Amino acid sequence: MKVRFSGFRLHGPDFGIGSGDSRLQVGILVVNCIGVEISNMDLAGWSGAAIRVVDEPRFDGAGRIERPEQVTVRGNYIHHNQHEGGNG
């Protein structure tokens, strides 16, 4: 692993049910990165997503993340992440 988030609490600003497009906070955002592990965390209060992994296409149209195991999310307590319309 190249980057590891593990063993701490990451609480966001919104433990209720968020609404509106301006309230889509994200706790951990992984963009086009491989070798990432997110484990044993307590993630709550994020109306957009507690963890979001994005694999945007490069100039050749292919993404960088080729296999699911290149980004590992395991053993986390993810709770109270809600937003009207299905995010959270």
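User: What is the strand order in the open sheet of 3 strands, and what is the pairing?
Analyst: In this predicted model, the open sheet runs in the order β1-β5-β8, and its pairing is parallel.

User: Which strands stand at the edges?
Analyst: Those are β1 (3-6) and β8 (71-74). Each has a single partner strand, so one side of each is left without a neighbour in the sheet.

User: By how many degrees are neighbouring strands turned against each other on average?
Analyst: The average is 5 degrees, with direction ignored.

User: And how many bridges join β5 and β8?
Analyst: β5 and β8 pair over 4 bridges, in the parallel sense. Within β8, Thr 72 is the residue that stands opposite Glu 37.

User: Let us stay with Glu 37. Is it buried or exposed?
Analyst: Glu 37 counts as buried, because its relative accessibility is 8% and the limit for that class is under 20%.

User: Which residues are linked with Glu 37 in a network of salt bridges?
Analyst: The network links Glu 37 with Arg 4 and Arg 74. For Arg 4 and Glu 37, the closest N and O atoms are 3.5 Å apart.

User: What about the salt bridge with Arg 74?
Analyst: There the closest N and O atoms of Glu 37 and Arg 74 are 3.0 Å apart. Since Glu 37 is in strand β5 and Arg 74 in strand β8, the pair ties together parts that are 37 residues apart in sequence.

User: Are the two arginines buried or exposed?
Analyst: Arg 4 counts as exposed at 55% relative accessibility, whereas Arg 74 is partly exposed at 43%.

User: How many salt bridges are there by this rule?
Analyst: The count comes to 4. Another one of them joins the side chains of Arg 67 and Glu 69, with an N to O distance of 2.8 Å. Arg 67 is partly exposed, its relative accessible area being 41%.

User: Changing topic: which residues make up the largest nonpolar core?
Analyst: The largest nonpolar core has 11 residues. They are Ile 28, Val 30, Val 36, Ile 38, Met 41, Leu 43, Trp 46, Ala 50, Ile 51, Ile 65 and Val 71.

User: Which strands each supply at least two residues of this core?
Analyst: Those strands are β4 (26-31), β5 (36-39) and β7 (49-54).

User: Take Val 30, then. What is it in contact with, leaving aside neighbours within four places in sequence?
Analyst: Val 30 is in contact with Val 36, Ile 38, Arg 52, Val 53 and Val 54 on that basis.

User: On to the loops. Where is Gln 70, and is it buried or exposed?
Analyst: Gln 70 sits in the loop between β7 and β8. Its relative accessibility of 11% means that Gln 70 counts as buried.

User: What does its side chain reach?
Analyst: The side chain of Gln 70 reaches the backbone nitrogen of Glu 66, at 2.6 Å. With neighbours within four places in sequence left aside, Gln 70 is in contact with Ile 34, Gly 35, Val 36, Arg 64 and Ile 65.

User: And where does Arg 23 lie?
Analyst: Arg 23 is in the loop between β3 (17-18) and β4. At 34% relative accessibility, Arg 23 is classed as partly exposed. Neighbours within four places in sequence aside, its contacts are Asp 14, Ser 47 and His 83.

User: What separates the C-alpha atoms of Arg 23 and Arg 64?
Analyst: Their separation is 29 Å, and the two residues are 41 residues apart along the chain.

User: Finally, which residues other than glycine have a positive phi?
Analyst: Asn 32 is one of them, with phi of about 55 degrees. Asn 32 is found in the loop between β4 and β5. Another is His 80, where phi is near 50 degrees. His 80 belongs to the loop between β9 (77-79) and β10 (82-83), and is partly exposed with a relative accessible area of 43%.

Technical notes:
Residues are numbered from 1 along each chain as its sequence is written. This is a predicted model: local features need pLDDT of at least 70, side-chain atom pairs count only at pLDDT 80 or more; totals for chains, interfaces and linings use all residues. Side-chain values use heavy atoms; hydrogens and water are left out. A nonpolar core is a set of buried Ala, Val, Leu, Ile, Met, Phe, Trp, Tyr and Cys residues joined through side-chain atoms within 4.5 Å. Buried means under 20% relative accessible area, exposed over 50%, partly exposed in between (1.4 Å probe, protein chains only). Contact means heavy atoms within 4.5 Å. Two strands pair if DSSP finds at least two bridges between them. Axes are lines fitted to C-alpha atoms, for helices over the stretch in contact, and angles run from 0 to 180 degrees between N-to-C directions. A polar contact is a pair of N or O atoms within 3.5 Å; within protein, one must be able to donate a hydrogen and the other to accept it, and residues adjacent in sequence count only if both atoms are side-chain atoms.
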